[in-house]
Amino acid sequence: MPSPAELTVDLSALAANFRTLEKVGGVPVHPVVKADSYGLGAAACARRLMNEGARTFFVARTREGEALREAIGADPTIYVLDGCAAGRADRLRAARLRPVINTAAQLSEWREAGGGACGLQIDTGMNRLGFRPEEAPGPFDGLELVLSHLACADDPAEPMNARQRDAFAAAAQRYPGTVRSFANSGGIFLGAEYAFDALRPGICLYGGGPEGRPDPRIRAVATLTAEVLQVRDVPTGETVGYSRTFTAVRPSRIATCAAGYADGVLRSYSPEGRVFVAGELRPIVGRVSMDACAVDVTGLDVAVGDRVELFGSNRLLDDAATAAGTIAYELLSAITSRVPRGYT
Ligand SMILES: *Cc1c(COP(=O)(O)O)cnc(C)c1O
């Protein structure tokens, strides 16, 4: 029996997106499975991606790496983007995780613990993590991969993209024989000069478009549905929900659905949000509350136990995100542990 709110993950769509990205980029895909694969479940996603040939994964945190190692076995390579914080080297080594070294302090930490295989991040303009090119260390033992990250890959017209690419190409020349990884999802679609040796996509694997809007080349992977708990008639002039932000301007049928902000349905889903119900897109009305949201189903044949789709193949993730004033990344990673994940 399905749960009140449920996230369904289509693993064949995930696999199809993996193959699409590999084809567009023309070099191996190293999936980014941080934040539990953007909320979809890193163990299940990584296993499916291994079936497609993925052998190297990226997570953000050591803890995520440890859990992934447990789930996928000893062979695959796992990089930890946070790198090697003070006192962290032993845990990284115990789980055979490779830190992505971001600072001189991380490099000494790793080396003093015995070193070994690791990556190196060059910051080519994002000013987030990694060495400025002029401050980066020379080649050292154990260095297997150099990476940099685009700040504006979702905007092909942004001139910073080419500047970052050129800065990365120049910086990477210092490390012959290492794998150069540059393109995230958006970067893969910027052209062959952005591919280097290995791609590092996240969101496009999970069904988000490379430019923050639906893209026909990317298949929907995640579907969030909620059960209708109650259907009521609301007379003209009455209001719905906390703070009475919605007033019925006609006799209305309102479905109370089992998805609220404690499930990860952000309060900003209203007032612009829509759900797919009984073959139509219908507005979320009033405030999203902790366990429920209200949908105007006037004129539709909707009954208790029916399900509404908050995003999925009928209400595309990027459209849902835009309506909620955010991005697909946040919409997916906001889904809480209260929502069971199901896999098809
Ligand atoms: C999250 C992340 C990615 C994946 O980015 P997408 O835009 O989801 O493809 C790649 N590289 C780094 C360093 C990241 O932090």
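This is a predicted model: local features need pLDDT of at least 70, side-chain atom pairs count only at pLDDT 80 or more; totals for chains, interfaces and linings use all residues.
Where is the place of A278? A278 lies in the loop between β12 and β13 (280-285). Phi of A278 is near 45 degrees, a positive value in a residue that is not glycine. Most residues other than glycine have a negative phi, and most peptide bonds are trans.

**Other backbone features**

R244 also carries a positive phi, about 40 degrees, although R244 is not a glycine. Its loop runs between β9 (239-240) and β10 (246-247). R244 counts as exposed, because its relative accessibility is 62% and the cut-off for exposed is over 50%.

Which bond joins S270 and P271? The bond is a cis peptide bond, with omega about 10 degrees. P271 belongs to the loop between β11 (252-257) and β12 (274-277).

**Helix α3 and its cover**

Helix α3 spans residues 42-51. Its buried residues are A42, A44, C45, A46, L49 and M50. What covers them? The cover includes the helices α1 (11-25), α2 (34-38) and α4 (62-72). Strands β2 (56-59) and β16 (341-343) are also part of the cover.

H30 sits in the loop between α1 and α2. H30 is buried, because its relative accessible area is 12% and buried means under 20%. Beyond four places in sequence, H30 touches T56, F58, L145, A198, L199, R200 and P201.

T178 is in the loop between α7 (160-172) and β7 (179-181). T178 counts as buried, at 12% relative accessibility. A polar atom of the T178 side chain lies 2.7 Å from the backbone oxygen of Y175. Leaving out residues up to four places away in sequence, T178 touches L143, E144, L145, V146 and D197.

G207 has its place in the loop between α8 (185-188) and β8 (222-234). G207 is buried too, with 15% relative accessibility. Setting aside neighbours within four places in sequence, G207 is in contact with N17, I218, R219, V221, L317 and D318. G207 and Q164 are 43 residues apart along the chain, and their C-alpha atoms are separated by 26 Å.

**The ligand**

Where does the ligand sit? The ligand sits in the largest pocket. There are 13 residues around the ligand, and K34, Y38, S185, G202 and Y329 come nearest.

| Residue | Part of the residue | Distance to a ligand oxygen |
|---|---|---|
| K34 | polar side-chain atom | 2.7 Å |
| G202 | backbone N or O atom | 2.8 Å |
| R128 | side-chain N or O atom | 3.1 Å |

How much of the ligand's accessible area does the protein cover? On its own, the ligand has 390 Å² of accessible area, and the protein covers 95% of that.

Terms used: Residues are numbered from 1 along each chain as its sequence is written. Side-chain values use heavy atoms; hydrogens and water are left out. Helices (H or I, at least four residues) and strands (E, at least two) are DSSP runs, numbered from the N terminus. Buried means under 20% relative accessible area, exposed over 50%, partly exposed in between (1.4 Å probe, protein chains only). A polar contact is a pair of N or O atoms within 3.5 Å; within protein, one must be able to donate a hydrogen and the other to accept it, and residues adjacent in sequence count only if both atoms are side-chain atoms. Contact means heavy atoms within 4.5 Å. A residue is near a molecule or strand if one of its heavy atoms lies within 4 Å of it. Accessible areas come from the Shrake-Rupley method with a 1.4 Å probe; for residues, only the protein chains shown count as cover. On a 1 Å grid over the protein atoms alone, a cavity is a set of points where a 1.4 Å probe fits but cannot get out, and a pocket is an open set with protein on both sides within 12 Å along at least five of seven lines; lining residues have an atom within 4 Å of a point. A molecule sits in a cavity or pocket if more than half of its atoms lie within 2 Å of its grid points.
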